[in-house]
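Good morning, and thank you for coming. Please look at the sequence and the structure as they are shown.

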Amino acid sequence: MPDLLLAAGRGAADGGWVMGTAQADAEAVQAHPELQRLIDLRSAGWTFAHRVNEDGEVRQINGVRPWPDGHVDGVRVRDAGDAAAVRWDGAGRVVWEKDGGLVEVVDGLLSLPVPS
C-alpha cells in the first residue's frame with residue numbers, strides 16, 4: 001500500500017491520520033505534504049470515504065462534492081501519483097475531468113468555477 005494512503009487511512013489508535021483535527025492534519029502534512037490538498041478539499045465542502053480491501057487496508061480514497069444546481073464533483077486517489085477527478089452536470093454528463101498526480105488533480109478541481 002502506498003505510504004500516502006497508509007497515512008490517510010489508518011485510525012488514531014494505530015498511528016494514522018484522522019482527518020479533521022488540527023494536530024493530526026499537521027502531522028500528516030509534515031509526513032506527506034500532498035495530503036494538504038485533501039484538507040483543502042475538505043475545507044471547500046468535500047466529504048470522503050475510504051475503500052478498503054479484505055484485510056482492512058485502505059486501497060483508495062473517494063471524495064464527492066454535490067452542488068446546489070445538480071452538478072457533482074468527484075475525486076479518486078490511489079496514491080500521490082495516481083488521482084483522477086471529474087465534474088458531472090445535473091444530467092450526469094461529464095463536463096470536466098483530469099487524471100494525474102494528487103496535487104495536479106486537486107489544483108484543477110479547486111480552479112473550476114462554481115457551476116451555474
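Predicted model: local features only at pLDDT ≥ 70, side-chain atom pairs only at ≥ 80, totals over all residues.

Is the crossing of α3 and α4 left-handed or right-handed? The crossing is left-handed, a term used when the near helix is turned anticlockwise from the far one by less than a right angle.

Residues are numbered from 1 along each chain as its sequence is written, and side-chain values use heavy atoms, with hydrogens and water left out.

The protein has 4 helices and 5 strands, which are DSSP runs numbered from the N terminus (helices: H or I, at least four residues; strands: E, at least two). Along the sequence, their order is α-α-α-β-β-β-β-β-α.

Let us return to the helix pair. The axes of α3 and α4 (residues 102-111) come within 9 Å and cross at roughly 25°. The two helices are therefore roughly parallel to each other (angles under 35 degrees). In their contact (heavy atoms within 4.5 Å), α3 supplies L35, R37, L38, D40 and L41, and α4 supplies L102, V103, V106, D107, L109 and L110.

Which residues of α3 (residues 35-43) are buried? They are L35, R37, L38, I39 and L41, where buried means under 20% relative accessible area with a 1.4 Å probe, protein chains only. Of the 116 residues of the protein, 38% are buried. Just after α3, G45 adopts a positive phi of about 100°.

Notes: Buried < 20%, exposed > 50% of the residue type's maximum accessible area, 1.4 Å probe, protein only. Axes fitted to C-alpha atoms, helices over the stretch in contact; angles between N-to-C directions. Parallel < 35°, antiparallel > 145°, perpendicular 65-115°, else oblique.
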